[in-house]
Amino acid sequence: MSVLLTTSVVAMIRYRYLSVAFKSTAILMPLTFINETVAKILARTVHNNLICSHVLTPFEFTCISLTYYHFLKNVTTKKAIGLFIPIFCVFDIINAIWIQRGQFASNSILTELIFFVVYAMLSYKQLILSDEERSLAMQPIFWLSTAWLLFGSTIFLKWALQNYVVAHHIKQDILHHLLTYMNILLYLLILVALVIDKDEKKRFKYR
Amino acid sequence: MRKEGLDINNDIITVVFIACLFFALIVSFLIFFVVLYNRRQARNRREKADLQSHYKQELLKTQIEVQDQTLSYISREIHDNITQVLSFVKLSLGVKTADPEQNRAKINESRELLAQAINDLRDLSKSLSFDSIKAMGLTNTLEREIKRINNSGLITVTLQVDGEAYTLGEKRELVIFRIFQESVNNALKHANAKQMKVELLYSEKVFNLTISDNGEGFDTRILNDFEGSGLNNMLNRAKLIGAKANIESAVGKGCRISLTLDEVIQQIYADGTY
């Protein structure tokens, strides 16, 4: 929570200096923090905070998709992302009301993470093909994509292993720890991306 | 009971092994990506350095060509015009007559001829084109050059400027000026053109130069056959400054050269060194 709080504060402070792409990621951070706080309160009071996962997922998908929408240059990909956002939101609502009502929003999160991993791979491809002179360490999109690639892949792994662990009556602590550390890594990498990103729009003028 | 415990231990080891393998794969992928990116970046830097060195060489060549052209014009002017005038003055002043009126007339005529020679020399001193492009800008330099060409009587060149002229950067303007000189050369030497039209268009985002003549024209397919020709040089140099050049011609239909500097294409040249 403290890492998430730090990332949210940095996101709000740096908001006006960020590029359009990262503005949407910046918006997501305080939203996530509020959602996590509400989830903690609900867990203590009504002992059920599963609704929070349904609420956050469409915002998360929209904000991250918008970041990649602004970063990726391929027109077809942009159009596809523009199309995916409303479709996903509708899917999430349907999932929350009918399919996984009162349950953890695993369908939405899994779908969302598949998209994020694909976005990450597309952004890596664009970085490789571009003539960018900045080092990779100074490219916020690299850190964001790495964050989602690691987090997304770990969630797939965690869920895949969870069935195995439950079936074989193994303690799930290791998986919980894994998830906690990956969350910390996710927000730390996003924090790095938000710190190094800046709006570099320059208008060319003939000398 | 003990066997069951061993099985659970084995299962945990399997889970940890799969997890480690998975992370090793992701980390390997990321390392591979970083190495690949750095290699590409190094290659791009090398290519950019090569391009810049090529650009500088071409620019120097262009500068030398402009200077050569100017020097040959100066030497021709000195030989054909000023030397003639001064020789005439010398001869004229060398002949003495008894009639003071005639002597005074000769002196007056010689003074007028000397004044003309001084004017011509003054004009010549302004003909150092590279400096004049820097000082006067492309439009004014072209105007002066066209006036000079028209005075020679070999060809009639008209200049039309649309929009408010702005600077394109001295290096770009030098290359454009050289393209103009090369066009005039081609029109005179190869096309036997009698008329030429130069149009400059300055719009907010695009600069366009069009040079057209009424000469003999040529089949543009020859451009592919002679890679080092003057016409190809024009195209290559235009490309060098980020401009798009096009040559249209047909036998008996003159020639039209157009060059466009687009703001969007110019973005990559916006680092101030061009």
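Author: What follows covers chain B, one of its helices, and a helix pair in chain A. This is a predicted model, in which local features need pLDDT of at least 70, side-chain atom pairs count only at pLDDT 80 or more, and totals for chains, interfaces and linings use all residues. Residues are numbered from 1 along each chain as its sequence is written, and chains are lettered from A and ligands numbered from 1 in the order in which they are written.

Reader: How many helices and strands are there in chain B?
Author: Chain B has 7 helices and 5 strands, where helices (H or I, at least four residues) and strands (E, at least two) are DSSP runs numbered from the N terminus. Along the sequence their pattern is α-α-α-β-α-β-β-α-α-β-β-α.

Reader: Which residues are buried in helix H6 of chain B?
Author: In H6 (residues 230-240), B:Leu231, B:Met234, B:Arg237 and B:Ala238 are buried, that is, 20 or more other C-beta atoms lie within 10 Å of their own, with C-beta atoms placed from the backbone. They lie on the same side of H6(B), because they cover an arc of only 125 degrees around the axis, taken from the directions from the helix axis to the C-beta atoms.

Reader: What follows H6(B)?
Author: B:Gly242 follows, and its phi is positive, near 80 degrees.

Reader: Now chain A: at what angle do H3 and H5 pack?
Author: H3 (residues 50-71) and H5 (residues 106-129) of chain A pack at about 15 degrees, with axes 10 Å apart; axes are lines fitted to C-alpha atoms over the stretch in contact, and angles run from 0 to 180 degrees between N-to-C directions. The two helices are therefore roughly parallel (angles under 35 degrees).

Key:
Angles under 35 degrees count as roughly parallel, over 145 as roughly antiparallel, 65 to 115 as roughly perpendicular and the rest as oblique. A residue is buried if 20 or more other C-beta atoms lie within 10 Å of its own, exposed if 12 or fewer, and partly exposed in between; C-beta atoms are placed from the backbone.
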